Amino acid sequence: QVQLVESGGGLVQAGDSLRLSCAASGYTFSISAMAWFRQAPGKEREFVAAIKRGSGSTDYEDSVKGRFAISRDNAENMMYLQMNSLKPEDTAVYYCAARLSFFGVVSLIGSYDYWGQGTQVTVSS
């Protein structure tokens, strides 16, 4: 089992920055990739960014490219999402996710085995 705990959300103004953190515990050696998803009120959960645990290669949803940066610290079992130039449309609950398999599309919700409880990010205009 893997446990994931997010932190770092909050209320900010448009243009501000936030850094989200995800702490992983348990059988973390089994994780192949981790990701951030978000869910806005009344909308489906959507992919934000992913990072492979070994290579560190990354993927981003188009609307966050150039503004968000995903990173990981394998030694500390941590993952981060640096969010810059935040926009009101970035308002959502942000979820950390981890998967065991080395196969499958990293942007698909169904590719992930473990989820955190989420952290709220609110961007005011």
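Reply: In the hairpin of β4 and β5, six residues lie between the strands, and G42 takes a positive phi near 80°. Strands here are DSSP runs of E of at least two residues, and helices are runs of H or I of at least four, numbered from the N terminus. Bear in mind that this is a predicted model, where local features need pLDDT of at least 70, side-chain atom pairs count only at pLDDT 80 or more, and totals for chains, interfaces and linings use all residues. Residues are numbered from 1 along each chain as its sequence is written, and side-chain values use heavy atoms, with hydrogens and water left out.

Strand β4 (residues 33-39) runs antiparallel to β5, and six bridges join them; two strands count as paired if DSSP finds at least two bridges between them. A33 has K52 in β5 as its bridge partner.

Now follow β5 onwards. β5 also pairs with strand β6 (residues 58-60), in the antiparallel sense over three bridges, and I51 stands opposite T58 in β6. β5 and β6 form a hairpin too, with five residues between them, and G56 in its turn has a positive phi of about 80°.
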